[in-house]
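Work through these exercises with the structure open beside you. Try each task before reading its solution.

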Amino acid sequence: MVDVAASPSDAVVLRRDEAGPAGAKPRHALSRRNIFLYGTLIVVALYYLLPLYVMIVTSLKGMPEIRLGNIFSPPVEITFEPWVKAWATACTGLNCDGLSRGFWNSVRITVPSVLLSIAIASVNGYALANWRFKGADTFFIILIVGAFIPYQVMIYPIVIILREIGIYGTLTGLVIVHSIFGMPILTLLFRNYFTSMPEELFRAARVDGAGFWGIYLRIMLPMSLPIFVVAIILQVTGIWNDFLFGVVYTRPDTYPMTVQLNNIVNSVQGVKEYNVNMAATILTGLVPLIVYFISGKLFVRGIAAGAVKG
Amino acid sequence: MSNSERPNQLFRNLNAKIASIPMVLTALVVFVGGTAWTVLYSFTNSKLLPRLNFVGLDQYHRLWATPRWLISIENLLIYGVISLVFSLVIGFVLAALLDQKIRFEDTFRTIFLYPFALSFIVTGLVWQWLLNPDFGIQRVVRDLGWTSFSFDPLYNSSIVIYGISIAALWQGTGLIMCLMLAGLRGIDEDIWKAARVDGIPMWKTYLFIVIPMMRPVFITTLVIIAAGIVKVYDLVVAQTSGGPGIASEVPAKYVYDYMFFAQNLGQGFAASTMMLLSVMIVIVPWAYLEFGGRRRG
């Protein structure tokens, strides 16, 4: 079953198959196995795409059309008004400046958090891989096991620490929290990557007199750009999508986009405007989706590296 | 102990030690310290502010006598079993289908995985809309002529947790599929050839040869799913806010609400300690096998 050779006739059939499940009549080349295989995959794929499709069509309809029509039907009259409203004038509480505020808050949270967490974790992973000292592994194991501790256990002590330092409720505080909780996975990622690099490289640089930072900046950093890209993808999507830390460690005027989105959609006041809600939802999902579709295989590599120990 | 006696020991490899300060602080202060602090204060009667006024296991007695907590636990169990079983089965089947040397593998994989890039908030809100009884799937089917059709999981307290599980599975199975696919790709081609030569049917090869060989992948995946289950929070907040009533409450939400709204810190700490306990039951044996075994080997 492993070598299903794609003969030319097979290819034609498959392409037709791809056009739609209701397509061509079965031909002799279209084996029962292929019908089952591609049929299942296409049905599942449609199921996975359905919510995205419904989000997009709903956001392009007017409210009267939503009330009368079917959520799956394409819009009769396309309108971008819900998008404009979601971005610029949707209300959360007393503020009516739309999701744009949450968007810029999220940008101001995500960019420094990504940079700081990756800077810390890459140097840390490098130290663990090439400059091991006594006890380092113990801390590393605590770090990895700590990644599984439910955040709820550590939320309140961190509130106290941040309050003592005087940065509770600020974006700085949230950036630090993201750097702390990004550390286990990123350190693991970098440590494994640096460990897999040839030992001779490191030795040669040592012989040439390069020190800790010299080797990191001149050799390790330039040679490990792919893993940095993977880490950036992992962190941008993770931090952008965060809700819990945002809601705990920021105040309403500094809420990240996810928290603001939830407040807009689930607010009990006023008439529900489903088209605006869906436009707001797409807007919030757009950044990670763009990252995902551009990064392609690197995203997969990132989550696999994050998930499976090396 | 005076450090001056052996400065070499302490200052050797100094840069690496400096670089590890954030890790050491995180591990000791936040992970160990924070956890110990929360566990310690769960034995106090802290209300608005944390106070060291010990009351023994009172908070835990109260916790297990609170209907909302019991519902949260029940929901977590149902949600957990569904997530575990279905994401493993669906994830593995999808991975096995993609592993048949098919065309457009990348396209299919991209489609199955894209929900994983979305946040739980976005996921919850989309499915809230799809499952809306007045406009969503129920209405569409009724408009087709089946007027008695009923599908409103988010408004029916006896099945609301299943409605949440549907959204969670949509979001998370792609990840499991990718992990499984990586595991399947790690299986030697020769195994397949040998099985075929012996005339073993494909499903049997998967069930009795491939899956047992993928044991490490399954264990890792299981740990990841289990850790994710206990953390479930944003999805519920976005999709139902715990409703109708308290029918879809989960432990993580209980903790948050008691700490930051009900101003009953002691309850929040006790509940989060229970969450910790449940995770430890899964993690400790796994960590022991993973790290303990490797160091010996």
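## Chain A overall

In this predicted model, 71% of the contacts in chain A with a separation of 6 or more are between residues 24 or more positions apart.

**Exercise 1.** State the secondary structure of chain A and the share of its residues that are buried.

*Solution.* Start with the elements: chain A has 15 helices and zero strands. Next, take burial. Of the 310 residues in chain A, 43% are buried.

**Exercise 2.** Describe helix H8 of chain A by its span, its bend and its burial.

*Solution.* Step one is the span. H8(A) covers residues 171-195, which is 25 residues. From first C-alpha to last it reaches 34 Å, close to the 36 Å expected at 1.5 Å a residue.

Step three is burial. In H8(A), 21 of the 25 residues are buried, so the helix is mostly covered.

**Exercise 3.** Do the same for helix H9 of chain B: find its span, its bend and its burial.

*Solution.* H9(B) runs over residues 160-185 and has 26 residues. At 1.5 Å a residue it should span 38 Å. Its end C-alpha atoms are 38 Å apart, so the two values agree. H9(B) bends by about 40 degrees, at Gly172(B). It is mostly covered, with 20 of its 26 residues buried.

## Single residues

**Exercise 4.** Is Phe116(B) buried or exposed, and which residues does it contact beyond its sequence neighbours?

*Solution.* Locate Phe116(B) in helix H6 (residues 105-117) of chain B. Count its C-beta neighbours inside 10 Å: there are 23, so Phe116(B) is buried. The cut-off for buried is 20 or more. Now leave aside neighbours within four places in sequence. Phe116(B) is then in contact with Gln171(B), Gly172(B), Gly174(B) and Leu175(B). Gly172(B) is also where H9(B) bends.

**Exercise 5.** Repeat the burial test for Val250(B) and list its contacts.

*Solution.* Val250(B) sits in the loop between helix H13 (234-239) and helix H14 (251-260) of chain B. It has 25 other C-beta atoms within 10 Å, so it is buried. Beyond four places in sequence, Val250(B) is in contact with Ser72(B), Asn75(B), Leu76(B), Val232(B), Tyr233(B) and Val236(B).

**Exercise 6.** Classify Ile35(A) by its neighbour count.

*Solution.* Ile35(A) belongs to helix H2 (residues 32-59) of chain A. It has 14 C-beta neighbours inside 10 Å, so it counts as partly exposed. Its C-alpha is 49 Å from that of Met220(A), 185 residues away along the chain.

## Between the chains

**Exercise 7.** How are H7(A) and H3(B) oriented to each other?

*Solution.* Take the axes of H7(A) (residues 151-165) and H3(B) (residues 21-41). They come within 8 Å and cross at roughly 95 degrees. The two helices are therefore roughly perpendicular. Val153(A), Met154(A), Tyr156(A), Pro157(A) and Ile158(A) make the contact from H7(A). From H3(B) come Val30(B), Gly33(B), Gly34(B), Thr35(B), Trp37(B) and Thr38(B). Finally, sort these residues: seven are nonpolar, four polar and none charged.

Key: Residues are numbered from 1 along each chain as its sequence is written. Chains are lettered from A and ligands numbered from 1 in the order in which they are written. This is a predicted model: local features need pLDDT of at least 70, side-chain atom pairs count only at pLDDT 80 or more; totals for chains, interfaces and linings use all residues. Axes are lines fitted to C-alpha atoms, for helices over the stretch in contact, and angles run from 0 to 180 degrees between N-to-C directions. Helices (H or I, at least four residues) and strands (E, at least two) are DSSP runs, numbered from the N terminus. Angles under 35 degrees count as roughly parallel, over 145 as roughly antiparallel, 65 to 115 as roughly perpendicular and the rest as oblique. Two residues are in contact if their C-beta atoms, placed from the backbone, lie within 7 Å. Ala, Val, Leu, Ile, Met, Phe, Trp, Tyr, Cys and Pro count as nonpolar, Asp, Glu, Lys and Arg as charged, and the others, Gly among them, as polar. The expected span of a helix is 1.5 Å times one less than its number of residues. The bend at a residue is the angle between axes fitted to the seven residues ending there and the seven starting there. A residue is buried if 20 or more other C-beta atoms lie within 10 Å of its own, exposed if 12 or fewer, and partly exposed in between; C-beta atoms are placed from the backbone.
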